[in-house]
Amino acid sequence: MDGKLELRETQKLEGHSDRVWSLAWNPVTGTGGVPAMLASCSGDKTVRIWQQGSSKSFDCTAVLEETHTRTVRSCAWSPSGKLLATASFDATTGIWQQIGSDFECVATLEGHENEVKSVAWNASGSLIATCGRDKSVWIWEMQSGNEFECISVLQGHAQDVKMVQWHPFADVLVSVSYDNSIKVWVEDGDDDWHCAQSLGESGSGHTSTVWALSFSECGNRMVTCSKEYDCSDDLTLKIWDTSGNPSQTSGDGYAPWQHICTLSGCHDRTIFSVSWSSEGVIASGAGDDALRLFVENKDNVVDGPSYSMLLKKDKAHAMDVNSVQWNPKDPQVLASASDDGSVKIWELVGVSQ
Amino acid sequence: MVTGLINANPVVYERKERHLRSSPVVIDEYAVEPIDQLEIFEHVRDIKDPEHPYSLEELKVVTEDSIELDDQQSYVRVTFTPTVEHCSMATVIGLCLRVKLMRSLPSRYKVDIRVAPGTHATEAAVNKQLNDKERVAAALENPRLLEMVDECLAATYI
(Lines give C-alpha, C1' and ligand atoms only; values in the text may rest on other atoms or scores of the structure.)
Protein backbone atom coordinates (compact mmCIF):
# COMPACT_ATOMS: atom_id res chain seq x y z
CA MET A 1 0.00 0.00 0.00
CA ASP A 2 1.36 3.40 -0.97
CA GLY A 3 1.21 6.30 1.40
CA LYS A 4 -0.24 6.48 4.85
CA LEU A 5 -3.53 4.99 5.89
CA GLU A 6 -6.00 6.70 8.12
CA LEU A 7 -9.23 5.75 9.82
CA ARG A 8 -11.56 8.60 9.11
CA GLU A 9 -14.74 9.10 11.11
CA THR A 10 -17.62 9.52 8.69
CA GLN A 11 -20.53 9.54 11.08
CA LYS A 12 -21.55 9.40 14.73
CA LEU A 13 -24.87 7.70 15.40
CA GLU A 14 -26.57 8.84 18.56
CA GLY A 15 -29.84 7.77 20.08
CA HIS A 16 -29.19 5.08 22.65
CA SER A 17 -29.53 6.32 26.22
CA ASP A 18 -27.00 3.91 27.71
CA ARG A 19 -23.80 2.19 26.61
CA VAL A 20 -23.86 0.41 23.27
CA TRP A 21 -22.56 -3.12 23.71
CA SER A 22 -22.61 -4.58 20.26
CA LEU A 23 -23.52 -4.09 16.64
CA ALA A 24 -24.07 -6.12 13.49
CA TRP A 25 -24.22 -5.29 9.80
CA ASN A 26 -27.10 -6.85 7.90
CA PRO A 27 -25.12 -9.13 5.55
CA VAL A 28 -27.34 -8.77 2.48
CA THR A 29 -27.47 -4.96 2.54
CA GLY A 30 -25.00 -2.40 1.26
CA THR A 31 -24.90 -3.89 -2.20
CA GLY A 32 -27.03 -4.16 -5.34
CA GLY A 33 -28.95 -1.00 -4.62
CA VAL A 34 -29.97 -2.10 -1.13
CA PRO A 35 -28.91 0.53 1.42
CA ALA A 36 -26.57 -0.65 4.16
CA MET A 37 -28.30 -1.59 7.41
CA LEU A 38 -26.83 -1.91 10.87
CA ALA A 39 -28.28 -3.05 14.23
CA SER A 40 -26.92 -1.84 17.57
CA CYS A 41 -27.88 -3.05 21.03
CA SER A 42 -27.62 -1.33 24.35
CA GLY A 43 -27.84 -1.18 28.12
CA ASP A 44 -30.99 0.87 27.50
CA LYS A 45 -32.72 -2.49 26.74
CA THR A 46 -33.35 -1.60 23.10
CA VAL A 47 -31.96 -2.42 19.71
CA ARG A 48 -31.72 0.32 17.10
CA ILE A 49 -31.77 -0.22 13.36
CA TRP A 50 -29.79 2.24 11.27
CA GLN A 51 -30.10 2.53 7.53
CA GLN A 52 -27.89 4.38 5.09
CA GLY A 53 -29.91 6.92 3.12
CA SER A 54 -29.29 8.44 -0.30
CA SER A 55 -27.09 11.09 1.28
CA LYS A 56 -24.84 8.25 2.49
CA SER A 57 -25.62 9.06 6.10
CA PHE A 58 -27.26 6.60 8.46
CA ASP A 59 -30.63 7.29 10.04
CA CYS A 60 -32.32 5.38 12.81
CA THR A 61 -35.26 3.68 11.10
CA ALA A 62 -36.52 1.48 13.93
CA VAL A 63 -36.21 0.99 17.68
CA LEU A 64 -36.85 -2.53 18.98
CA GLU A 65 -38.14 -1.92 22.47
CA GLU A 66 -40.56 -3.07 25.16
CA THR A 67 -39.47 -6.66 24.77
CA HIS A 68 -36.22 -7.25 26.60
CA THR A 69 -36.42 -6.31 30.26
CA ARG A 70 -32.68 -5.89 30.73
CA THR A 71 -29.55 -4.97 28.79
CA VAL A 72 -29.43 -6.30 25.23
CA ARG A 73 -25.87 -7.55 25.01
CA SER A 74 -25.50 -8.93 21.52
CA CYS A 75 -27.30 -9.03 18.18
CA ALA A 76 -26.82 -11.04 15.01
CA TRP A 77 -28.51 -11.13 11.61
CA SER A 78 -29.37 -14.41 9.93
CA PRO A 79 -27.36 -14.99 6.73
CA SER A 80 -30.49 -14.20 4.69
CA GLY A 81 -30.75 -10.85 6.44
CA LYS A 82 -34.40 -11.55 7.19
CA LEU A 83 -34.14 -12.24 10.90
CA LEU A 84 -32.31 -10.54 13.76
CA ALA A 85 -31.45 -12.40 16.95
CA THR A 86 -30.96 -10.37 20.15
CA ALA A 87 -29.32 -11.78 23.29
CA SER A 88 -30.19 -10.20 26.62
CA PHE A 89 -29.23 -10.16 30.29
CA ASP A 90 -32.90 -11.01 30.89
CA ALA A 91 -31.90 -14.59 30.02
CA THR A 92 -33.81 -14.68 26.72
CA THR A 93 -32.88 -14.38 23.07
CA GLY A 94 -35.35 -12.59 20.83
CA ILE A 95 -35.88 -13.33 17.16
CA TRP A 96 -37.14 -10.37 15.15
CA GLN A 97 -38.50 -10.06 11.66
CA GLN A 98 -38.93 -6.92 9.63
CA ILE A 99 -42.60 -6.33 8.90
CA GLY A 100 -42.89 -3.27 6.68
CA SER A 101 -40.86 -0.52 8.30
CA ASP A 102 -41.06 -2.04 11.73
CA PHE A 103 -39.63 -5.08 13.46
CA GLU A 104 -41.67 -7.62 15.30
CA CYS A 105 -40.46 -10.15 17.83
CA VAL A 106 -41.58 -13.46 16.29
CA ALA A 107 -39.94 -15.85 18.74
CA THR A 108 -38.28 -15.92 22.16
CA LEU A 109 -35.64 -18.49 23.03
CA GLU A 110 -35.71 -19.35 26.72
CA GLY A 111 -33.60 -21.73 28.71
CA HIS A 112 -30.47 -20.02 29.95
CA GLU A 113 -30.45 -19.60 33.73
CA ASN A 114 -29.19 -16.06 33.65
CA GLU A 115 -27.60 -13.43 31.39
CA VAL A 116 -27.23 -14.43 27.74
CA LYS A 117 -24.10 -12.79 26.39
CA SER A 118 -23.82 -13.70 22.75
CA VAL A 119 -25.82 -15.08 19.84
CA ALA A 120 -24.62 -16.26 16.45
CA TRP A 121 -26.08 -17.91 13.30
CA ASN A 122 -24.29 -20.63 11.38
CA ALA A 123 -23.44 -20.12 7.71
CA SER A 124 -26.63 -21.71 6.36
CA GLY A 125 -28.93 -20.02 8.86
CA SER A 126 -30.29 -23.33 10.14
CA LEU A 127 -28.71 -23.08 13.58
CA ILE A 128 -28.32 -20.47 16.27
CA ALA A 129 -25.87 -20.65 19.17
CA THR A 130 -26.19 -18.72 22.43
CA CYS A 131 -24.02 -18.59 25.55
CA GLY A 132 -24.07 -16.94 28.93
CA ARG A 133 -23.08 -16.59 32.55
CA ASP A 134 -24.55 -20.00 33.34
CA LYS A 135 -21.39 -21.41 31.68
CA SER A 136 -23.32 -23.19 28.96
CA VAL A 137 -23.55 -22.93 25.21
CA TRP A 138 -26.93 -23.73 23.62
CA ILE A 139 -27.55 -24.78 20.05
CA TRP A 140 -30.99 -24.15 18.55
CA GLU A 141 -32.32 -25.43 15.28
CA MET A 142 -34.73 -23.40 13.23
CA GLN A 143 -37.94 -25.22 12.43
CA SER A 144 -40.67 -24.09 10.07
CA GLY A 145 -42.65 -21.01 10.98
CA ASN A 146 -39.86 -19.26 12.88
CA GLU A 147 -39.93 -21.87 15.62
CA PHE A 148 -36.70 -22.86 17.33
CA GLU A 149 -35.88 -26.07 19.09
CA CYS A 150 -32.97 -26.50 21.44
CA ILE A 151 -30.96 -29.46 20.14
CA SER A 152 -28.00 -29.32 22.49
CA VAL A 153 -26.82 -27.75 25.73
CA LEU A 154 -23.05 -27.80 25.87
CA GLN A 155 -21.38 -27.86 29.26
CA GLY A 156 -17.63 -27.70 29.56
CA HIS A 157 -16.65 -24.15 30.32
CA ALA A 158 -15.80 -23.63 33.98
CA GLN A 159 -17.07 -20.06 33.96
CA ASP A 160 -19.14 -17.41 32.21
CA VAL A 161 -19.09 -17.78 28.38
CA LYS A 162 -18.57 -14.41 26.70
CA MET A 163 -19.03 -15.04 23.01
CA VAL A 164 -19.86 -17.68 20.42
CA GLN A 165 -19.03 -17.54 16.74
CA TRP A 166 -19.65 -20.01 13.94
CA HIS A 167 -17.01 -20.85 11.38
CA PRO A 168 -17.72 -18.99 8.09
CA PHE A 169 -18.74 -22.14 6.25
CA ALA A 170 -18.39 -25.31 8.33
CA ASP A 171 -20.74 -26.14 11.18
CA VAL A 172 -18.00 -25.65 13.73
CA LEU A 173 -18.74 -23.47 16.74
CA VAL A 174 -16.16 -21.63 18.84
CA SER A 175 -16.83 -20.19 22.29
CA VAL A 176 -14.62 -17.98 24.47
CA SER A 177 -14.86 -17.59 28.21
CA TYR A 178 -14.08 -15.98 31.57
CA ASP A 179 -12.32 -19.29 32.29
CA ASN A 180 -9.57 -18.08 29.91
CA SER A 181 -10.19 -20.84 27.38
CA ILE A 182 -11.42 -21.12 23.81
CA LYS A 183 -13.49 -24.19 23.00
CA VAL A 184 -14.25 -25.67 19.62
CA TRP A 185 -17.51 -27.62 19.30
CA VAL A 186 -18.37 -30.00 16.46
CA GLU A 187 -21.20 -32.38 15.69
CA ASP A 188 -20.65 -36.10 15.51
CA GLY A 189 -23.70 -36.61 13.42
CA ASP A 190 -27.29 -36.60 14.63
CA ASP A 191 -27.24 -33.61 16.96
CA ASP A 192 -24.44 -35.05 19.05
CA TRP A 193 -22.33 -32.00 19.78
CA HIS A 194 -19.14 -32.20 21.79
CA CYS A 195 -16.01 -30.23 22.53
CA ALA A 196 -13.40 -31.23 19.95
CA GLN A 197 -10.67 -28.96 21.24
CA SER A 198 -9.96 -26.63 24.13
CA LEU A 199 -7.36 -23.93 23.56
CA GLY A 200 -5.83 -22.45 26.64
CA GLU A 201 -4.65 -25.24 28.84
CA SER A 202 -1.13 -25.19 27.42
CA GLY A 203 1.38 -22.34 27.49
CA SER A 204 0.17 -20.54 24.41
CA GLY A 205 -3.33 -19.84 25.66
CA HIS A 206 -4.71 -16.67 27.17
CA THR A 207 -4.08 -16.01 30.86
CA SER A 208 -7.26 -14.09 31.49
CA THR A 209 -10.85 -13.76 30.27
CA VAL A 210 -11.16 -14.16 26.51
CA TRP A 211 -13.71 -11.61 25.38
CA ALA A 212 -14.15 -12.12 21.68
CA LEU A 213 -13.08 -13.90 18.54
CA SER A 214 -13.29 -13.34 14.81
CA PHE A 215 -12.63 -15.65 11.89
CA SER A 216 -10.70 -14.68 8.80
CA GLU A 217 -12.81 -14.69 5.63
CA CYS A 218 -11.69 -18.10 4.42
CA GLY A 219 -11.98 -19.58 7.89
CA ASN A 220 -8.49 -20.97 8.25
CA ARG A 221 -7.56 -18.47 10.94
CA MET A 222 -9.17 -16.83 13.92
CA VAL A 223 -8.13 -14.05 16.29
CA THR A 224 -9.02 -13.96 20.00
CA CYS A 225 -8.60 -11.13 22.47
CA SER A 226 -8.12 -10.66 26.18
CA LYS A 227 -6.41 -8.58 28.82
CA GLU A 228 -3.55 -10.17 30.61
CA TYR A 229 -2.93 -9.28 34.23
CA ASP A 230 0.34 -9.17 36.11
CA CYS A 231 2.49 -9.77 33.09
CA SER A 232 5.35 -7.60 32.09
CA ASP A 233 4.43 -8.58 28.56
CA ASP A 234 0.88 -7.57 27.88
CA LEU A 235 -0.19 -10.43 25.65
CA THR A 236 -3.63 -9.63 24.39
CA LEU A 237 -4.34 -10.70 20.78
CA LYS A 238 -3.74 -14.25 19.64
CA ILE A 239 -3.96 -15.67 16.15
CA TRP A 240 -4.84 -19.32 15.63
CA ASP A 241 -4.52 -21.31 12.46
CA THR A 242 -5.97 -24.53 11.18
CA SER A 243 -4.35 -24.92 7.81
CA GLY A 244 -1.66 -27.26 9.09
CA ASN A 245 -1.96 -30.95 9.95
CA PRO A 246 -4.52 -32.02 7.34
CA SER A 247 -3.97 -35.62 8.45
CA GLN A 248 -5.62 -34.82 11.77
CA THR A 249 -9.02 -34.24 10.33
CA SER A 250 -11.82 -36.43 11.57
CA GLY A 251 -15.04 -37.32 9.84
CA ASP A 252 -16.47 -33.88 9.38
CA GLY A 253 -13.27 -32.38 8.07
CA TYR A 254 -12.44 -30.86 11.44
CA ALA A 255 -8.81 -29.77 11.63
CA PRO A 256 -7.27 -28.77 14.98
CA TRP A 257 -6.33 -25.17 15.72
CA GLN A 258 -2.80 -24.12 16.59
CA HIS A 259 -1.51 -20.92 18.05
CA ILE A 260 0.65 -19.13 15.48
CA CYS A 261 1.11 -15.61 16.77
CA THR A 262 0.63 -13.42 19.83
CA LEU A 263 0.46 -9.65 19.56
CA SER A 264 1.95 -8.17 22.67
CA GLY A 265 2.58 -4.81 24.21
CA CYS A 266 -0.11 -3.07 22.22
CA HIS A 267 -2.92 -2.60 24.68
CA ASP A 268 -3.15 -1.23 28.21
CA ARG A 269 -6.77 -2.08 28.84
CA THR A 270 -9.05 -4.95 27.98
CA ILE A 271 -9.68 -5.60 24.30
CA PHE A 272 -13.41 -6.19 24.09
CA SER A 273 -13.83 -6.88 20.41
CA VAL A 274 -12.06 -7.96 17.27
CA SER A 275 -13.19 -8.11 13.63
CA TRP A 276 -11.35 -9.60 10.66
CA SER A 277 -12.13 -7.92 7.34
CA SER A 278 -12.39 -9.68 3.98
CA GLU A 279 -9.18 -7.87 3.02
CA GLY A 280 -7.33 -9.36 5.98
CA VAL A 281 -7.30 -6.33 8.27
CA ILE A 282 -7.96 -7.11 11.94
CA ALA A 283 -9.65 -4.30 13.89
CA SER A 284 -9.74 -4.20 17.69
CA GLY A 285 -11.72 -2.06 20.11
CA ALA A 286 -10.46 -1.62 23.64
CA GLY A 287 -11.02 -0.14 27.07
CA ASP A 288 -8.55 2.63 26.34
CA ASP A 289 -11.09 4.19 23.93
CA ALA A 290 -8.89 3.38 20.94
CA LEU A 291 -9.28 1.44 17.72
CA ARG A 292 -6.34 -0.47 16.32
CA LEU A 293 -5.79 -2.17 12.99
CA PHE A 294 -3.43 -5.08 12.41
CA VAL A 295 -2.26 -6.86 9.28
CA GLU A 296 -0.09 -9.84 8.54
CA ASN A 297 3.51 -9.08 7.72
CA LYS A 298 3.95 -10.39 4.20
CA ASP A 299 7.69 -9.85 3.96
CA ASN A 300 10.27 -10.87 6.52
CA VAL A 301 8.58 -14.12 7.42
CA VAL A 302 11.24 -15.45 9.73
CA ASP A 303 9.68 -17.74 12.30
CA GLY A 304 6.32 -18.27 10.70
CA PRO A 305 3.42 -15.86 10.27
CA SER A 306 3.54 -12.57 12.15
CA TYR A 307 1.21 -9.64 12.48
CA SER A 308 1.84 -6.02 13.32
CA MET A 309 -0.13 -2.90 14.02
CA LEU A 310 -1.08 -0.89 10.96
CA LEU A 311 -2.52 2.10 12.78
CA LYS A 312 -4.00 3.25 16.07
CA LYS A 313 -6.89 5.66 16.44
CA ASP A 314 -6.64 7.26 19.89
CA LYS A 315 -9.80 8.62 21.47
CA ALA A 316 -11.92 6.98 18.79
CA HIS A 317 -14.68 7.26 21.37
CA ALA A 318 -15.00 9.17 24.67
CA MET A 319 -15.20 5.89 26.56
CA ASP A 320 -14.52 2.15 26.16
CA VAL A 321 -15.01 0.65 22.71
CA ASN A 322 -17.15 -2.47 23.15
CA SER A 323 -17.61 -3.68 19.61
CA VAL A 324 -16.02 -3.32 16.19
CA GLN A 325 -17.41 -4.78 12.97
CA TRP A 326 -16.19 -4.45 9.40
CA ASN A 327 -18.91 -3.95 6.83
CA PRO A 328 -18.98 -7.34 5.05
CA LYS A 329 -19.86 -5.67 1.76
CA ASP A 330 -17.34 -2.84 2.00
CA PRO A 331 -14.06 -3.85 3.62
CA GLN A 332 -12.94 -0.22 4.00
CA VAL A 333 -15.84 0.59 6.30
CA LEU A 334 -15.78 -0.13 10.03
CA ALA A 335 -18.45 0.41 12.68
CA SER A 336 -17.68 0.77 16.39
CA ALA A 337 -19.86 0.88 19.50
CA SER A 338 -19.00 2.44 22.84
CA ASP A 339 -19.83 2.99 26.50
CA ASP A 340 -20.32 6.62 25.47
CA GLY A 341 -23.66 5.58 23.96
CA SER A 342 -22.70 6.15 20.36
CA VAL A 343 -21.99 4.10 17.26
CA LYS A 344 -19.41 5.47 14.84
CA ILE A 345 -18.83 4.72 11.18
CA TRP A 346 -15.25 4.86 9.93
CA GLU A 347 -13.59 4.63 6.57
CA LEU A 348 -10.10 3.34 5.99
CA VAL A 349 -8.58 5.77 3.52
CA GLY A 350 -5.18 6.40 2.02
CA VAL A 351 -3.80 9.82 2.81
CA SER A 352 -1.66 11.44 0.13
CA GLN A 353 1.63 12.62 1.58
CA MET B 1 -23.79 -22.03 55.68
CA VAL B 2 -22.58 -19.62 58.34
CA THR B 3 -25.32 -17.33 59.51
CA GLY B 4 -24.61 -14.06 61.18
CA LEU B 5 -21.91 -11.56 60.48
CA ILE B 6 -18.69 -12.58 58.80
CA ASN B 7 -16.71 -10.47 61.20
CA ALA B 8 -18.66 -9.77 64.36
CA ASN B 9 -15.94 -7.72 66.01
CA PRO B 10 -14.17 -5.53 63.51
CA VAL B 11 -11.40 -3.24 64.62
CA VAL B 12 -12.61 0.32 64.42
CA TYR B 13 -10.13 3.09 63.82
CA GLU B 14 -10.50 6.77 64.34
CA ARG B 15 -11.43 8.83 61.36
CA LYS B 16 -8.72 11.02 60.02
CA GLU B 17 -9.24 14.63 60.83
CA ARG B 18 -10.82 16.43 57.96
CA HIS B 19 -9.27 19.65 56.86
CA LEU B 20 -11.40 22.16 55.11
CA ARG B 21 -9.69 22.93 51.86
CA SER B 22 -9.00 26.61 51.53
CA SER B 23 -10.26 28.06 48.29
CA PRO B 24 -7.33 28.59 45.97
CA VAL B 25 -6.65 32.00 44.53
CA VAL B 26 -8.35 31.82 41.19
CA ILE B 27 -5.86 32.48 38.48
CA ASP B 28 -7.60 31.04 35.47
CA GLU B 29 -11.31 30.48 35.93
CA TYR B 30 -11.44 28.20 32.90
CA ALA B 31 -8.71 25.89 34.11
CA VAL B 32 -9.89 22.42 34.97
CA GLU B 33 -8.83 21.65 38.50
CA PRO B 34 -6.83 18.46 38.60
CA ILE B 35 -8.31 15.65 40.66
CA ASP B 36 -6.03 14.48 43.43
CA GLN B 37 -5.74 11.54 45.79
CA LEU B 38 -7.55 13.32 48.62
CA GLU B 39 -10.50 14.11 46.40
CA ILE B 40 -10.87 10.45 45.44
CA PHE B 41 -10.56 9.48 49.09
CA GLU B 42 -13.29 11.94 49.98
CA HIS B 43 -15.61 10.22 47.55
CA VAL B 44 -15.11 6.84 49.21
CA ARG B 45 -14.16 7.35 52.87
CA ASP B 46 -17.73 7.47 54.13
CA ILE B 47 -19.00 4.42 52.29
CA LYS B 48 -20.60 2.27 54.92
CA ASP B 49 -19.39 -1.26 55.39
CA PRO B 50 -22.18 -3.63 54.28
CA GLU B 51 -22.26 -5.38 57.64
CA HIS B 52 -21.36 -2.83 60.29
CA PRO B 53 -22.38 0.73 61.06
CA TYR B 54 -18.91 2.01 60.34
CA SER B 55 -17.35 3.62 57.32
CA LEU B 56 -14.65 2.05 55.18
CA GLU B 57 -12.29 4.67 56.58
CA GLU B 58 -13.10 3.79 60.18
CA LEU B 59 -12.44 0.13 59.46
CA LYS B 60 -9.29 1.04 57.52
CA VAL B 61 -10.68 -0.80 54.51
CA VAL B 62 -9.54 2.17 52.45
CA THR B 63 -6.97 4.80 53.29
CA GLU B 64 -5.78 7.83 51.40
CA ASP B 65 -2.62 5.98 50.49
CA SER B 66 -4.54 3.05 49.08
CA ILE B 67 -5.53 5.29 46.19
CA GLU B 68 -3.20 5.60 43.22
CA LEU B 69 -4.10 7.99 40.50
CA ASP B 70 -2.85 9.73 37.41
CA ASP B 71 -5.22 12.52 36.51
CA GLN B 72 -3.38 13.22 33.26
CA GLN B 73 -4.03 9.65 32.17
CA SER B 74 -7.51 9.65 33.73
CA TYR B 75 -6.62 6.56 35.72
CA VAL B 76 -7.27 5.57 39.31
CA ARG B 77 -6.68 2.36 41.21
CA VAL B 78 -8.19 1.78 44.62
CA THR B 79 -6.76 -1.00 46.77
CA PHE B 80 -8.96 -2.04 49.66
CA THR B 81 -8.28 -4.26 52.63
CA PRO B 82 -11.17 -6.43 53.77
CA THR B 83 -11.39 -6.75 57.55
CA VAL B 84 -11.05 -10.53 57.41
CA GLU B 85 -9.35 -12.87 54.97
CA HIS B 86 -12.48 -14.85 54.13
CA CYS B 87 -14.72 -11.83 53.82
CA SER B 88 -17.57 -12.71 51.50
CA MET B 89 -18.54 -9.07 51.46
CA ALA B 90 -15.36 -8.24 49.58
CA THR B 91 -17.12 -8.18 46.23
CA VAL B 92 -19.88 -5.97 47.63
CA ILE B 93 -17.34 -3.52 49.04
CA GLY B 94 -15.50 -3.49 45.75
CA LEU B 95 -18.76 -2.90 43.92
CA CYS B 96 -19.60 0.01 46.23
CA LEU B 97 -16.24 1.59 45.50
CA ARG B 98 -16.73 1.18 41.80
CA VAL B 99 -20.26 2.55 41.75
CA LYS B 100 -19.37 5.58 43.89
CA LEU B 101 -16.44 6.47 41.67
CA MET B 102 -18.47 5.86 38.53
CA ARG B 103 -21.07 8.32 39.77
CA SER B 104 -18.55 10.87 41.02
CA LEU B 105 -15.74 10.99 38.51
CA PRO B 106 -15.77 12.34 34.94
CA SER B 107 -16.61 9.65 32.39
CA ARG B 108 -13.10 9.79 30.96
CA TYR B 109 -11.80 7.99 34.06
CA LYS B 110 -10.67 4.36 34.01
CA VAL B 111 -11.05 2.74 37.39
CA ASP B 112 -9.37 -0.41 38.69
CA ILE B 113 -10.39 -1.88 42.04
CA ARG B 114 -8.41 -4.58 43.78
CA VAL B 115 -8.01 -6.17 47.19
CA ALA B 116 -4.71 -5.50 48.92
CA PRO B 117 -2.37 -8.36 47.98
CA GLY B 118 -2.28 -11.06 50.61
CA THR B 119 -5.39 -9.92 52.44
CA HIS B 120 -7.98 -12.22 50.95
CA ALA B 121 -8.23 -15.94 50.46
CA THR B 122 -9.60 -15.72 46.93
CA GLU B 123 -7.89 -12.49 45.92
CA ALA B 124 -7.47 -13.29 42.23
CA ALA B 125 -11.08 -14.38 41.84
CA VAL B 126 -12.41 -11.27 43.60
CA ASN B 127 -10.19 -8.96 41.55
CA LYS B 128 -11.20 -10.63 38.31
CA GLN B 129 -14.89 -10.19 39.07
CA LEU B 130 -14.58 -6.60 40.21
CA ASN B 131 -12.75 -5.61 37.06
CA ASP B 132 -15.01 -7.40 34.60
CA LYS B 133 -17.19 -4.61 33.27
CA GLU B 134 -19.85 -6.96 31.97
CA ARG B 135 -20.19 -8.81 35.27
CA VAL B 136 -20.40 -5.49 37.13
CA ALA B 137 -23.08 -4.20 34.74
CA ALA B 138 -25.15 -7.35 35.14
CA ALA B 139 -24.77 -7.29 38.93
CA LEU B 140 -26.01 -3.72 39.08
CA GLU B 141 -29.16 -4.76 37.24
CA ASN B 142 -29.98 -6.96 40.21
CA PRO B 143 -32.36 -4.82 42.28
CA ARG B 144 -31.49 -6.36 45.64
CA LEU B 145 -27.77 -5.92 45.11
CA LEU B 146 -28.24 -2.39 43.84
CA GLU B 147 -30.30 -1.61 46.93
CA MET B 148 -27.53 -2.95 49.16
CA VAL B 149 -24.96 -0.82 47.34
CA ASP B 150 -27.12 2.29 47.54
CA GLU B 151 -27.56 1.77 51.26
CA CYS B 152 -23.79 1.65 51.71
CA LEU B 153 -23.40 4.76 49.61
CA ALA B 154 -26.16 6.78 51.27
CA ALA B 155 -23.84 8.41 53.81
CA THR B 156 -21.48 9.62 51.11
CA TYR B 157 -23.92 11.96 49.50
CA ILE B 158 -24.54 14.08 52.55
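C75(A) is in no disulfide, and its nearest cysteine sulfur, that of C41(A), lies 3.9 Å away. I then looked up the exposure of C75(A): it is buried, with a relative accessible area of 5%. For this term I took buried as under 20% relative accessible area, exposed as over 50% and partly exposed as in between, with a 1.4 Å probe and protein chains only. C105(A) is likewise in no disulfide; the nearest cysteine sulfur to it, that of C75(A), is 14 Å away. C105(A) is partly exposed, at a relative accessible area of 27%.

I note that this is a predicted model, in which local features need pLDDT of at least 70, side-chain atom pairs count only at pLDDT 80 or more, and totals for chains, interfaces and linings use all residues. Residues are numbered from 1 along each chain as its sequence is written, chains are lettered from A and ligands numbered from 1 in the order in which they are written, and side-chain values use heavy atoms, with hydrogens and water left out.

**Cores**

I next looked up the nonpolar cores, each a set of buried Ala, Val, Leu, Ile, Met, Phe, Trp, Tyr and Cys residues joined through side-chain atoms within 4.5 Å. The largest has 37 residues, and F80(B) and L97(B) have the most contacts inside it. Elements of chain B that each supply at least two residues of this core include β2 (75-80), α2 (90-104) and β3 (110-115). Helices (H or I, at least four residues) and strands (E, at least two) are DSSP runs, numbered from the N terminus. The largest share of this core, 8 residues, comes from α2(B).

Which residues does F80(B) touch? Not counting residues up to four places away in sequence, they include V61(B), I93(B), L97(B), I113(B) and L130(B); contact means heavy atoms within 4.5 Å. A second, separate core of 30 residues includes V210(A), L213(A), V223(A) and F272(A).

In α3(B), I found V126(B), N127(B), K128(B) and L130(B) buried. The cover over the buried residues of α3(B) includes β2, α2, β3 and α4 of chain B.

**V63(A)**

I placed V63(A) in strand β5 (residues 58-64) of chain A. V63(A) counts as partly exposed, at 27% relative accessibility. Leaving aside neighbours within four places in sequence, V63(A) is in contact with T46(A), V47(A) and R48(A). V63(A) and T46(A) are 17 residues apart in sequence, and 6.7 Å apart in space, C-alpha to C-alpha.

Methods. Disulfide = S-S within 2.5 Å.
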